[in-house]
Amino acid sequence: MKKKHILTTTIITLTFLAGCGNMGDGRVEIPEVEIITDEQMGSGQSKDIPSGAAQSGEGQQNGQTSEIQPSGSSQDNTVGTEFSFADLSDSTFNFSSGAGGWFTELHINSDGSFKGFFVDDDMGDIGEAYPNGSEYNSEFSGVFGGLEKVDEYTYKINLISLEYAREPGEEEIIDGMRHIYSIAHGLNGGEEFYIFLPGIKSADLPESYRGWIYYLRNDAEAELPYYGLYNITTGDGFTSYVYEEKSLAEEIAMEISFAEERSTELEAKLQEAITQLDMNETGKELFKTWDDTLNIVWKLLEAELDDASMEALRTEEREWIAFKDEQVQAAGQGCEGGSMQELTELMRAAELTKDRVYELAEYAEE
């Protein structure tokens, strides 16, 4: 079994969705905290549990600048509070796009230390040396400290350290796939974070946090059913879940269920659209919903199938991509140059990608 950690990430993708698009080649433009790589760490420091050397600086909260004063030690993180990092030790935090085409996942230990990874696949970004596509990824670890109670449902913490296993920006090719080592999206650029406790009302959450969770956006009385993690500086929001072991088929079925639900919403939105621009934008969302779901299903299969099966599947996938591109181009030729060309192509691409998702799901049953 390969990359078992991938399987744990996708449950939150269905259950607690955020609403953003693919990171894209350039990724998110956000300020960076100090990067400490393995090569820079001294012999007395541990990769799994960082040294906890404090990083002081200035962060912005609600438009105001405040100086961060980390505790410098995870041992005094919980002094004087009813809540502690130990309460988070059973939860896994996830920051992702609408259908999870990219995601950051992390686990916080009872002493405030954490470990996690970021993944964003682009199977269509291929080259002669990397026919199996490209993947942006990172593995990281660090320490949170300075746990401070804000109100009944909110605590503030400081990001004391953030370390990467590989320097962001480095690249290498492994088994025909290009790996571009990246930052920890959602954490990078942050200094102060909020932890939201279950039960906090949507109206009491920052608007930028609610924006990542679709069912909180328009319901002020809705309550957060899990722990939330919020990057005050960048406005990025993590949801959380307690992992329960599920079969490959069950996990894929969950992802498809979400995509179907989102598709129904977008198809209704498309019917109500008035301008061609609105139609095109909705068509892009619809295609992206199924394209992101395809990437999730692919990663689930990649984590479970043996090497021979995956190699055969990669060959089949390359053939399907070529077929899809031909079909989309042919669909657009019927109204080439007209206002409906883009929407026609997007709808055909969404249809074909949805069909492909169901085809890939069948491999989980074998």
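This is a predicted model: local features need pLDDT of at least 70, side-chain atom pairs count only at pLDDT 80 or more; totals for chains, interfaces and linings use all residues.

Trainee: Let us begin with the aromatic rings. How many aromatic pairs does a search of the whole structure find?

Mentor: A pair of aromatic rings is described by the distance of the centres and the angle of the planes. In this structure the search finds 16 aromatic pairs. One of them joins F114 and F144, with 4.7 Å from centre to centre and 35 degrees between the planes, and it is classed as tilted.

Trainee: Which parts of the chain does the pair of F114 and F144 tie together?

Mentor: F114 belongs to strand 6 (residues 113-122) and F144 to strand 7 (residues 134-151), so the pair links parts that are 30 residues apart in sequence. F114 is buried, at a relative accessible area of 0%, and F144 is buried as well, at 0%.

Trainee: Why is the pair of F196 and Y209 called edge-to-face?

Mentor: The planes of the two rings stand at 65 degrees, with the centres 5.1 Å apart, so the pair of F196 and Y209 is edge-to-face; the cut-off for that class is an angle over 60 degrees. F196 is in strand 11 (residues 192-196) and Y209 in helix 2 (residues 207-210), so this pair ties together parts 13 residues apart in sequence. F196 is buried, with a relative accessible area of 2%, and Y209 is buried at 0%.

Trainee: Which residues form an aromatic cluster?

Mentor: F95, W102, W212 and F238 form one such cluster.

Trainee: I turn now to the strands. Is strand 5 enclosed or exposed?

Mentor: In a regular strand the side chains alternate between the two faces of the sheet. In strand 5 (residues 102-108), six of the seven residues are buried, so the strand is largely enclosed by the rest of the structure.

Trainee: Which strands pair with strand 5, and in which sense?

Mentor: Strand 4 (residues 92-96) pairs with strand 5 in the antiparallel sense over four bridges, and N94 stands opposite E105 of strand 5. Strand 5 and strand 6 also run antiparallel, joined by seven bridges. Here I108 has F114 of strand 6 as its bridge partner. Strand 5 and strand 6 form a hairpin with four residues between them, and G112 in the turn has a positive phi of about 95 degrees.

Trainee: How is the largest nonpolar core described, and which members touch the most others?

Mentor: The largest nonpolar core has 42 residues, of which L106, F114, F144, L187, I195 and L229 touch the most other members. Among the elements that give two or more residues to this core are strand 4, strand 5, strand 6 and strand 7. Strand 8 supplies the largest share, five residues. A second, separate core of 28 residues includes L300, V328, A350 and V357.

Trainee: How does one check the span of helix 5?

Mentor: One compares the expected span with the distance between the end C-alpha atoms. At 1.5 Å a residue, the 27 residues of helix 5 (residues 307-333) should span 39 Å, and the end C-alpha atoms are 39 Å apart, which agrees. D306 caps the N-terminal end of helix 5, with a side-chain oxygen 3.2 Å from the backbone nitrogen of A308.

Trainee: Which residues of helix 5 are buried, and what covers them?

Mentor: An α-helix has 3.6 residues a turn, so residues three or four places apart point the same way. In helix 5, the buried residues are M310, L313, R314, E317, W320, K324, V328 and G332. Their cover includes helix 4 (276-304) and helix 6 (341-361).

Trainee: Finally, where is S138, and is S138 buried or exposed?

Mentor: S138 is placed in strand 7 and is buried, at 3% relative accessibility. A polar atom of the S138 side chain lies 3.3 Å from the backbone oxygen of I183. Not counting residues up to four places away in sequence, S138 touches G116, F117, F118, Y164, S182, I183 and A184.

Conventions:
Residues are numbered from 1 along each chain as its sequence is written. Side-chain values use heavy atoms; hydrogens and water are left out. Rings of Phe, Tyr and Trp (its six-membered ring) pair if their centres lie within 6.5 Å; planes under 30 degrees apart count as stacked, over 60 as edge-to-face and the rest as tilted. Buried means under 20% relative accessible area, exposed over 50%, partly exposed in between (1.4 Å probe, protein chains only). Two strands pair if DSSP finds at least two bridges between them. The expected span of a helix is 1.5 Å times one less than its number of residues. Contact means heavy atoms within 4.5 Å. A polar contact is a pair of N or O atoms within 3.5 Å; within protein, one must be able to donate a hydrogen and the other to accept it, and residues adjacent in sequence count only if both atoms are side-chain atoms. A nonpolar core is a set of buried Ala, Val, Leu, Ile, Met, Phe, Trp, Tyr and Cys residues joined through side-chain atoms within 4.5 Å.
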